[in-house]
Amino acid sequence: EVHGPVRVRNQFHFAYADGTPYLPFGTTCYAWTHQSLAMQEQTLATLAGTRFNKMRMGVFPKHYIYNENEPLMRMFELGPDGKEDFDRPSVEAFRHFEQQVQALMTLGVEADVIVFHPYDRWGYCAMNFEQDCRYLKYLVARLAGYRNVWWSLANEYDFLIDVKPMHQWDRYFQVIQETAPHVPLMSIHNGDVNDNYDHHKPWVSHVCIQNWDVKRMPEWRHEWGKPVINDEPEYEGDIVKTWGNLSPQELVHRYWITVCRGGYAGHGETYFDKEENLWWAKGGVLRGQAWQRIGFLRQLLEADVREGLTPMAELKWPGPWARVSGAMERNGDYRLIYLGEHQPWEWANGLPLEDGDWQLDLIDTTLPTVTGHTVGENIAKAAVLDHDVIRPVDKPYHATGGLAILHGNIAPDCAVVKKSAV
């Protein structure tokens, strides 16, 4: 279904242009468009099997731990000196990036496009201000027509402050505003948790941060008065870097805290692979477990949340909300309370005070299904008892499908029918 571009709604939340709520459940694959074409197809296939609806992705390739392979294409044409000429974008490279943005749009995934980053060996982050602006205008001209494009000015902008001072970052926002045909979603991402950009500035549509202290979400909402997406509450994985070795249970725990305090979180996965094909860097396949449980949370929220969740503490609802996380829609019809690490034998805080019939769902957020096992584990010992009922693919009941499309006087507006029922 096509709902149009995403925009901010109800101050702290998002919706598509047609009013359909949009709850960002994003993942990170910084350099996926710079890998082999086969691996890029694998990334798209993996993404299609998840419930992620936003992808953080860099325009430029990345040089960093587990990111040292050569990119698929150079981003600028070579000059007479054999070096990339930053005034001559490679049409082939940018066309390919554009095509992958479109591929995400086909999947219903927003492309959170990272314009600059500091992890570089090609000189892209050291382009001069005039070159930066020309590159920005070219990029916006190519991508602004896609309804799924968000603009992230930088990943960890503060690590570039020596070559791109603060006034330049302000100007980059303005260049996008002046070039894009409509008002886009724009953000900028910090490296050091104490070096956030001034998100009060009018061109910032929503706050994008990285911070492991997820219980501070109400503080950030109050400080900036805009939607807050903590895209890096640290990653599920097992690498040596402490930001990349959370257990799946811990990342899911941080997701629930974030959502139940009125914000949004991002996913990343960094399990070591001898080929150095880590999802967070290059895409490919997911090896962890958090993505399934995060998908369940999205499914849970989209079933009932319409206007966005507000922290109960912000609504002055009595309760220990500095420790326990709770949020509700402002009309009070839907409430989500996350006890997390707490295990009280009884609980009343945040529940309706009025008499009436209320439905209460008690959820163990650490379990991937109601049985306590994964779907694969649940069906691992299943066997087909009657092959005339459940047939193999090479021996179908009918040579053609079981549905038919009808046209004509009995179905003037067209109809879909089940053949065996006609």
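## About the model

Since the model is predicted, local features need pLDDT of at least 70 and side-chain atom pairs count only at pLDDT 80 or more, while totals for chains, interfaces and linings use all residues. Residues are numbered from 1 along each chain as its sequence is written, and side-chain values use heavy atoms, with hydrogens and water left out.

## Helices H1 and H2

Let us begin with H1 (residues 37-48) and H2 (residues 91-107), whose axes come within 10 Å and cross at roughly 20°. Helices here are DSSP runs of H or I with at least four residues, strands are runs of E with at least two, and both are numbered from the N terminus. The axes are lines fitted to C-alpha atoms, for helices over the stretch in contact, and the angles run from 0 to 180 degrees between N-to-C directions. H1 and H2 are therefore roughly parallel to each other (angles under 35 degrees; over 145 is roughly antiparallel, 65 to 115 roughly perpendicular and the rest oblique). Their crossing is right-handed, meaning that the near helix is turned clockwise from the far one by less than a right angle.

On the H1 side, Leu37, Gln40, Leu44, Leu47 and Ala48 meet His96, Gln100, Ala103, Leu104 and Leu107 of H2, where contact means heavy atoms within 4.5 Å. By class, this contact of H1 with H2 has 7 nonpolar, 3 polar and no charged residues. Nonpolar covers Ala, Val, Leu, Ile, Met, Phe, Trp, Tyr, Cys and Pro, charged covers Asp, Glu, Lys and Arg, and the others, Gly among them, are polar.

## Helices H3 and H4

The next pair is H3 (residues 129-143) and H4 (residues 166-179), with axes that come within 9 Å and cross at roughly 30°. That angle makes H3 roughly parallel to H4, and the crossing of H3 and H4 is right-handed.

From H3, the residues Phe129, Asp132, Cys133, Leu136, Lys137 and Val140 meet Gln168, Arg171, Tyr172, Val175, Ile176 and Thr179 of H4. Sorted by class, the contact of H3 with H4 has 7 nonpolar, 2 polar and 3 charged residues.

## Cysteines

How many disulfides does the rule give? The count comes to 0 disulfides, taking a disulfide as a pair of cysteine sulfur atoms within 2.5 Å. Cys133, one of the H3 residues that meet H4, is in no disulfide, and the nearest cysteine sulfur, that of Cys125, is 16 Å away.

Cys133 counts as buried because its relative accessibility is 11%; buried means under 20% relative accessible area, exposed over 50% and partly exposed in between, with a 1.4 Å probe and protein chains only. Cys260 is buried too, with a relative accessible area of 0%.

## Met75 in its loop

Met75 sits in the loop between strand S5 (54-58) and strand S6 (76-78). At 2% relative accessibility, this residue counts as buried.

Leaving aside neighbours within four places in sequence, Met75 is in contact with His34, Val59, Phe60, Pro61, Glu84, Pro89, Ser90, Ala93, Phe94 and Tyr124. Met75 and Ala93 are 18 residues apart in sequence, yet 5.6 Å apart in space from C-alpha to C-alpha.

## Two positive phi values

Glu156 has a phi near 60°, a positive value in a residue other than glycine. Glu156 lies in the loop between strand S9 (149-154) and H4, and counts as buried at 8% relative accessibility.

Lys316 also has a positive phi near 60°. This lysine is found in the loop between strand S16 (310-311) and strand S17 (325-328), and at 72% relative accessibility Lys316 counts as exposed.
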